[in-house]
Amino acid sequence: MKSFRLATIFAAGLLLAPGHSFAQELSGPQVVRTLGRLQGGAPGIDIALLMEEAAASAGKGVAALPDWQKLSKLSQLIVEIDFENDSIAIEPKSYRTVGMIADALHHPNLRRYKFLVVGHTSSTGDAKHNLDLSQKRANAITEALSTTFAIAPDHLFAIGVGEEWLVDPSNPQAADNRRVQLVNLGLVK
């Protein structure tokens with residue numbers, strides 16, 4: 001099986017030390033293992049509250065907010081998915097990555113979980129525009145996963161944070177900041 005370039009961000013350092021990611025080549029089984037690592041019970045995450053905080057924090061960042069810090073305790077994966085410039089159209093070459101994510105989410109070890117799909121942008125452009133664009137891109141990924149790849153829609157939640165949670169804060173316009181993050185929210189109830 002061909003590996004794709006994915007960067008894993010382990011829960012302990014994601015929000016507490018932005019900019020410290022470790023990239024490696026991952027296979028589908030590694031994606032399953034990474035997203036399946038839950039440290040005890042998942043804390044309750046209020047998606048609507050996260051969305052409100054992201055909208056209210058445009059231009060200020062969200063990483064230090066307590067509700068966003070809860071995400072640092074959860075299994076997560078950062079994935080490079082390319083979109084057309086200033087668009088929600090997923091580049092054809094990125095459908096392989098979306099397909100690999102879908103294969104992992106269909107795996108019996110992950111099928112019982114729900115996931116947050118977080119869209120990110122670099123700081124190029126207006127903060128409010130970036131927030132809106134990242135939400136639309138997160139929605140595009142969840143739509144592709146649920147329609148094209150038959151992932152149960154009630155297992156996916158989308159949120160955009162624009163440029164508010166940079167992986168490379170020292171270079172806010174870097175392409176690494178344009179990414180999609182998957183967070184395991186725990187068991188579907």
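A residue is called buried here when its relative accessible area is under 20%, exposed when that area is over 50%, and partly exposed in between (1.4 Å probe, protein chains only). This is a predicted model, in which local features need pLDDT of at least 70 and side-chain atom pairs count only at pLDDT 80 or more, while totals for chains, interfaces and linings use all residues. Residues are numbered from 1 along each chain as its sequence is written, and side-chain values use heavy atoms, with hydrogens and water left out.

**Helix 4**

Please begin by selecting residues 95-106, which form helix 4. Helices (H or I, at least four residues) and strands (E, at least two) are DSSP runs, numbered from the N terminus. Within helix 4, the buried residues include Thr97, Val98, Met100, Ile101 and Leu105.

**The nonpolar cores**

Next, select Leu35, Ile81, Leu105, Leu110, Ile141 and Leu145, which touch the most other members of the largest nonpolar core, a set of 28 residues. Such a core consists of buried Ala, Val, Leu, Ile, Met, Phe, Trp, Tyr and Cys residues joined through side-chain atoms within 4.5 Å. Helix 4 supplies the largest share of this core, six residues. Another core, of 17 residues, lies apart from it, and Ile45, Leu50, Leu71 and Trp165 are among its members.

Now centre the view on Leu145. Beyond its neighbours within four places in sequence, Leu145 is in contact (heavy atoms within 4.5 Å) with residues including Val98, Ile101, Ala102 and Leu105.

**Strands 4 and 5**

Show strand 4 and strand 5 together: they pair in the parallel sense over five bridges, where pairing requires that DSSP find at least two bridges between the strands. Gly119 stands opposite Gly160 in strand 5. Four of the five residues of strand 5 are buried, so this strand is largely enclosed by the rest of the structure.

**Salt bridges**

Finally, which residue forms a salt bridge with Asp82? The partner is Lys93, with the closest N and O atoms 3.4 Å apart; a salt bridge is a side-chain nitrogen of Lys or Arg within 4 Å of a carboxyl oxygen of Asp or Glu. Lys93 is exposed, at a relative accessible area of 57%, whereas Asp82 is partly exposed at 26%. Then select Lys128 and Asp132, whose salt bridge has its closest N and O atoms 3.1 Å apart. Both residues lie in helix 5, four residues apart, about one turn of the helix.

Notes:
Expected span 1.5 Å × (residues − 1).
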